[in-house]
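Have the structure open and follow along.

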Amino acid sequence: MKLTDIVREVRKDERTKEVFITKRQVDVIINVFIEKVKDALYLEGEAKIHNLFTLQFKQSKGKRIRTIQNEEMITSDYTRIKVKPSIDLKETMKKYTHKLDN
């Protein structure tokens, strides 16, 4: 789902219509939210979104790899994002996988 799709869906929601929020205001709120998540990751190395997930920066060591010519190389260390889903999100994932199985 693209950001524009999210803005469109939030704007269609009855709760936003009740408080008379415009599409532009929804767009600004979502962009501010994204910036705040990025800021939290940058400043604290972690961003917790209650009832959704926790994002964390995690340092990973370089790995030994082999090229096509069978030469061994070591990749450099890198930073990745670790996503830890909330209990609510795990329940949603279980429901989704059960839906796919049926």
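Predicted model: local features only at pLDDT ≥ 70, side-chain atom pairs only at ≥ 80, totals over all residues.

Residues are numbered from 1 along each chain as its sequence is written, and side-chain values use heavy atoms, with hydrogens and water left out.

Start with the charge. K48, K58, K63, R80, K82, K84 and K90 form a positive surface patch. A patch here takes residues with over 30% relative accessible area and no salt bridge, joining like charges within 9 Å and nonpolar side chains (Val, Leu, Ile, Met, Phe, Trp, Tyr) within 5 Å. Lys and Arg count as positive, Asp and Glu as negative, and His and the chain ends are not counted; each charge is placed at NZ of Lys, CZ of Arg, CG of Asp or CD of Glu. The areas come from the Shrake-Rupley method with a 1.4 Å probe, and for residues only the protein chains shown count as cover.

Which element gives the positive patch its largest share? That's strand β5 (residues 78-85), with three residues. Strands (E, at least two residues) and helices (H or I, at least four) are DSSP runs, numbered from the N terminus. Another patch member, K58, sits in strand β2 (residues 53-60). K58 is partly exposed at 37% relative accessible area, where buried means under 20%, exposed means over 50%, and partly exposed is in between (1.4 Å probe, protein chains only).

Is T54 buried or exposed? With a relative accessibility of 16%, T54 counts as buried. Leaving aside residues up to four places away in sequence, T54 touches E46, A47, K48, K82, V83 and K84, with contact meaning heavy atoms within 4.5 Å. Among those neighbours, K48, K82 and K84 belong to the positive patch.

Now for the greasy part. M1, L3, I6, V10, F33 and I34 make a nonpolar surface patch of about 520 Å². Helices α1 (3-12) and α3 (23-44) are the elements that give two or more residues to the nonpolar patch, and α1 has the largest share, with three. From α3 comes F33, which counts as partly exposed at 45% relative accessibility.

Finally, the salt bridges. Side chains of opposite charge can pair when their charged atoms come close. Taking a salt bridge as a side-chain nitrogen of Lys or Arg within 4 Å of a carboxyl oxygen of Asp or Glu, the count comes to seven. One of them joins D13 and R15 at 2.8 Å, N to O; D13 is partly exposed at 25%, whereas R15 is exposed at 61%.

Another pairs R66 with E72 at 3.5 Å. R66 is exposed at 53% and E72 partly exposed at 44%. Bring in R64 and you have a network of salt bridges linking R64, R66 and E72.

Last stop: K94 and E91 meet in a salt bridge at 3.9 Å. Both lie in helix α4 (residues 87-101), three residues apart, about one turn of the helix. K94 is partly exposed at 46%, and E91 is partly exposed at 39%.
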